[in-house]
Amino acid sequence: MTRQSRTSPAASEQSLHQAYDTALLDLDGVVYAGGEAIAYAVESLAAARADGMHLAYVTNNALRTPDAVAEHLGELGIPTEAAEVITSAQAVARLIAEQVEPGSKVLVIGGDGLRVALRERGLVPVDSAEEEGLAAVVQGYGGPDLPWGRFAEASYAINRGVPWFASNTDLTIPGARGIAPGNGAAVEVVRIATGAEPQVAGKPLPPMHRETVLRTGAERPLVVGDRLDTDIEGAFNGEVDSLLVLTGVTDAEQLLRAEPRHRPTYVDRDLRGLLTGQPEVEPCAEGFRCGGWTAVATNGGVLELRENAESGADEEVTEAGGTGDPLDGLRALCAAAWTAAGDGVCTLDAAKALARLGL
Ligand SMILES: [Mg+2]
């Protein structure tokens, strides 16, 4: 790794939807959660799009086809074309097509999303390891009713030396009733029976990002996500900028402890962040200041947050007890934490500072 580690959120004078031509949006935890639209998502996306920003939805879930995802988004009030949805099924289908003869048979352990994506690349999805001329095995999330025997089918073929591919390796899938095993868990099942290693396409790996850029033609993309180890790391690997929103699985504490490849370019509360610029985080004598806050790494191993005196008595005092936006406080804390951590992980105690911000 020769790139210098990011030590602070970046500033943008321009609104992000004007500074970038295409938003590459994660779905779960960003646009919707448990099937329902996340607050401000519908109107923010509509406004960004009306102003000329291209939107694309990028999901590691290989079960649903782009048509089905687009239909779901339409029902939520976000009009979407199937071509604006990019799935890990499409990314893995391209990866397979590059390595096997055109028209090859591929054993599918998964759902319709995979079958449609394989056909789109001229490959033939099949269900049995006994098919003559089987060229690959592909495994993607098959939903809760995927029979156990499908893992045996994959294992028979892989143990004979047929190359193994996986759409993604997310270990879990969050749902309305809690956390369920994801495709990564299913891949582990097959790994136990084969000792083999699949080629993986999904976020944060390069095949997914490449698929997204190929399909959108984005020249200056902004990755928008809620997960550090898929969305933000995928942007890091693709060397493009990213916006972390706090509407999904990542909380402020995890953001402060992010290792370099998990540090986003920008952080905001939700998708309203697309429609605004981003404030500067400036180094100062005590630490780092942003808006009404200064973050200080003390000798005692604590990250402290101080109100900037000159931020003005006429400004509204927030619930957090300080003046200015709590998000600015978080941005200042990020700079202090990431600078202290360098190429490692911040170990300073930020509990009090975050409690003060209500984050
Ligand atoms: Mg997500």
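I began with the pairing of strand 17 (residues 288-290) and strand 18, which run antiparallel and are joined by three bridges; two strands count as paired if DSSP finds at least two bridges between them, and the strands themselves are DSSP runs (E, at least two residues), just as helices are runs of H or I of at least four, both numbered from the N terminus. I noted that this is a predicted model, in which local features need pLDDT of at least 70 and side-chain atom pairs count only at pLDDT 80 or more, while totals for chains, interfaces and linings use all residues. Residues are numbered from 1 along each chain as its sequence is written, and side-chain values use heavy atoms, with hydrogens and water left out.

**Strand 18 and its partners**

I looked up the bridge partner of Arg-289 and found Thr-294 in strand 18. Strands 17 and 18 form a hairpin with two residues between them, and in this turn Gly-291 has a positive phi of about 55°. I then turned to strand 19 (residues 303-307), which runs antiparallel to strand 18 and is joined to it by five bridges, with Ala-297 standing opposite Leu-303. These two strands also form a hairpin, here with five residues between them, and Gly-301 in the turn has a positive phi of about 80°. For strand 18 (residues 293-297) I recorded that four of its five residues are buried, where buried means under 20% relative accessible area, exposed over 50% and partly exposed in between, computed with a 1.4 Å probe on protein chains only.

**Val-240**

I located Val-240 in the loop between helix 9 (228-237) and strand 14 (241-245), and its relative accessible area of 18% makes it buried. Leaving aside neighbours within four places in sequence, I listed its contacts (heavy atoms within 4.5 Å) as His-209, Pro-221, Val-223 and Ala-235. Val-223 lies 17 residues from Val-240 in sequence and 7.4 Å from it in space, C-alpha to C-alpha.

**Whole protein**

I counted twelve helices and 19 strands. The radius of gyration is 22 Å, close to the 21 Å of the globule rule for 359 residues, so the protein is as compact as a globular protein of that length; the radius is taken over C-alpha atoms, and the rule is 2.2 Å times the number of residues to the power 0.38. Along its principal axes the C-alpha trace spans about 75 × 45 × 40 Å. I also noted that 52% of the 359 residues count as buried.
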